[in-house]
Number of protein chains: 2
Amino acid sequence: MPELTIVQLRNPVRDTAARTASVRPSTSQGLLGVARLPLHGGAVLERGVIAWRLVGPAGAPVVAVLGGISAHRVACDLENPGRGWWRELVGPGRPLDTDRYAVLGIDWLGGAGASSAPMPGQADFPAVDARDQAAALLAVCDGLGIARLHAVAGASYGGMVGLSLAEIAPTRVGTVLAISAAHRSHALATGWRSVQRAIVRHSLALGDGPGGLALARALAMTTYRTRAELERRFPVQGTPGSRSQDFAVGQYLLARGAAYAESTRPECFLCLSESIDRFHADPARIRVPVHLVAIAADQLVTLAEIRELADALGGPAVLHELQSEYGHDAFLKETELLAPAFRAALEGETT
Amino acid sequence: MPELTIVQLRNPVRDTAARTASVRPSTSQGLLGVARLPLHGGAVLERGVIAWRLVGPAGAPVVAVLGGISAHRVACDLENPGRGWWRELVGPGRPLDTDRYAVLGIDWLGGAGASSAPMPGQADFPAVDARDQAAALLAVCDGLGIARLHAVAGASYGGMVGLSLAEIAPTRVGTVLAISAAHRSHALATGWRSVQRAIVRHSLALGDGPGGLALARALAMTTYRTRAELERRFPVQGTPGSRSQDFAVGQYLLARGAAYAESTRPECFLCLSESIDRFHADPARIRVPVHLVAIAADQLVTLAEIRELADALGGPAVLHELQSEYGHDAFLKETELLAPAFRAALEGETT
């Protein structure tokens, strides 16, 4: 990746990055207590907790990194490079370079981490919106004394949260990089997720929530990937006499689902899956510079929706249209492909 | 629909149609007993039963009509025009005109009708292939004294059966009209169906097979229809605070699934869903004239696959590429759109 150069810097916070680039990055993390968090849906979360993690040089400009509903506060881990849900994109020498930027992550409200979330069997946890996640992130920034984020880099649900942050607190963020995220969900995407949630609720009612979650995630996998990738990996389907367990593509999807269900509570999945579908941002009210990344083959958040968002944004917008057979999951897979979008967003290019 | 004219007839069987066009159509149906039906997968179905139904003028050329895995022997009903799974396309004055043709339908082996099928809880019903359905259809033809079918008009799974019939018994059929069917299943389609079957098996194990079948069918609906149709019908997704039951597109899909589960045994769904995925025809061995209909927006059987089939067929092939926002379900919805393909196939046009 080309070096960032001072001449291209456009705001004073970035000068700090240049000054502190030689400071060795370190990690801090903690739990922020919030006495009362009014939620966008009208409910109030009382005595909320938000788990956060900050990695990078002291004093460096801060970039919040936010992923899908199964992401968490550990995007990268300096001590354990094999850990971290975004370890290919975030870390020392990576497109989001923790030698130059401090990287802030949180566990989602309602998610499987250490932030406030529904307990097993809990049905009355309030509806959480992407906007509430943005408010939680701002509360963490307040607690850490971060007046303004240099950028938010979010993918999928995290991209929605980044857009929400730009909408509700434009003075608190310099640039939003939103990857495979739009201002609203498409009917087919909501349909797919509605079926996933119904599977989980049905299984919870029958006493096997994890089994249902594994099936729901297997379905989700069919929407995260593409026809082309599955066809390349599983070119041969059945043969005479073959039974369900013989189809390799099905084995793969179900195995991925089962692995997911081992680390996620069904109630948390329900909470965050719903949160995606109720999301709606008003693009005209988003006036901070936004870099959008659209993967042409993404079935879940389509190029058409992201183009619609790009056209409707109220401020500077750069749309990066990219090709990847990984579809929606490209943000987890395509380091080289995404690097230029990270560079452009972090350097504040708006043309 | 334009009238068929005698001058366009190309084979002697059609002359019979012209002669008998004034004969009033009638209906006969019955159960054919088959002592021993060797199946393509290697097992043998002992003491099998195949339910059949024949509608049309006595002596008219016979067209077999075959639909998806939830279709059955009643494509149309002269006494009750509101009944019949293909009543828009098949019947008096319809594109497949029962005043001119006799229409033969069967209940699928392994399906929800009156043919041999797994009993509730039965796990050892043999694997059924589309080729076995073709053999069952031929057995019915033998029983009824039908030496040669004028045509087979099949959609979805029924299209696969039509292709199988052409492959295994080219002297028994004049033309195959295969709508939204290809010679093999795509990995994503098999993946979607694998998840559906896993949902049903999981629910059967928990004691609620119908509940699982409803969910599996809701998932299937997302593959039968298209992004464009769902977006048109359900343009607005969630709002702040909305919960799962508030999403109209989800309500629709789940309601359709629940309705389906009322009339289908889970074990039969499993049998026929598997049958789709193990299907594989060798196009080069299909030498009878074939008319293929591909719906450009079909997610389940794509235009690319049907073009591949058209290019590989061993005999005359006509590919009708059509546009419908109903996607895979167009064969149930698009009477006007499909009428020319029916006309061309029934009249034996091969250019």
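## Chain A against chain B in a predicted model

Tutor: In this predicted model, chain A and chain B bury about 4500 Å² between them, 61% of it from carbon and sulfur atoms. A:L188, A:R227 and A:R243 supply 14% of the area that chain A buries against chain B, more than any other three residues. Local features need pLDDT of at least 70 and side-chain atom pairs 80 or more, while totals for chains, interfaces and linings use all residues. Residues are numbered from 1 along each chain as written, chains are lettered from A in the order written, and side-chain values use heavy atoms without hydrogens or water.

Student: What makes an area "buried"?

Tutor: Buried area is the accessible area (1.4 Å probe) that two parts lose on being put together, summed over both. The value of about 4500 Å² is therefore that loss for chain A and chain B.

Student: How many residues does the contact take from chain A and chain B?

Tutor: The contact (heavy atoms within 4.5 Å) takes 54 residues from chain A and 54 residues from chain B.

Student: Why is the pair B:E231 and A:R184 called a salt bridge?

Tutor: The term requires a side-chain nitrogen of Lys or Arg within 4 Å of a carboxyl oxygen of Asp or Glu. The closest N and O atoms of B:E231 and A:R184 are 2.9 Å apart, so the pair qualifies.

Student: What does the salt bridge of A:D142 and A:R172 tie together?

Tutor: Their side chains meet at 2.8 Å, N to O. A:D142 lies in helix 2 (residues 130-144) of chain A and A:R172 in the loop between helix 3 (157-168) and strand 8 (173-179), so the pair ties together parts 30 residues apart in sequence. Helices (H or I, at least four residues) and strands (E, at least two) are DSSP runs, numbered from the N terminus.

Student: Why are helix 2 and helix 3 of chain B called roughly perpendicular?

Tutor: Angles of 65 to 115 degrees count as roughly perpendicular, under 35 as roughly parallel, over 145 as roughly antiparallel and the rest as oblique. The axes, lines fitted to C-alpha atoms over the stretch in contact, with angles from 0 to 180 degrees between N-to-C directions, come within 8 Å and cross at roughly 70°. That makes helix 2 of chain B roughly perpendicular to helix 3 of chain B.
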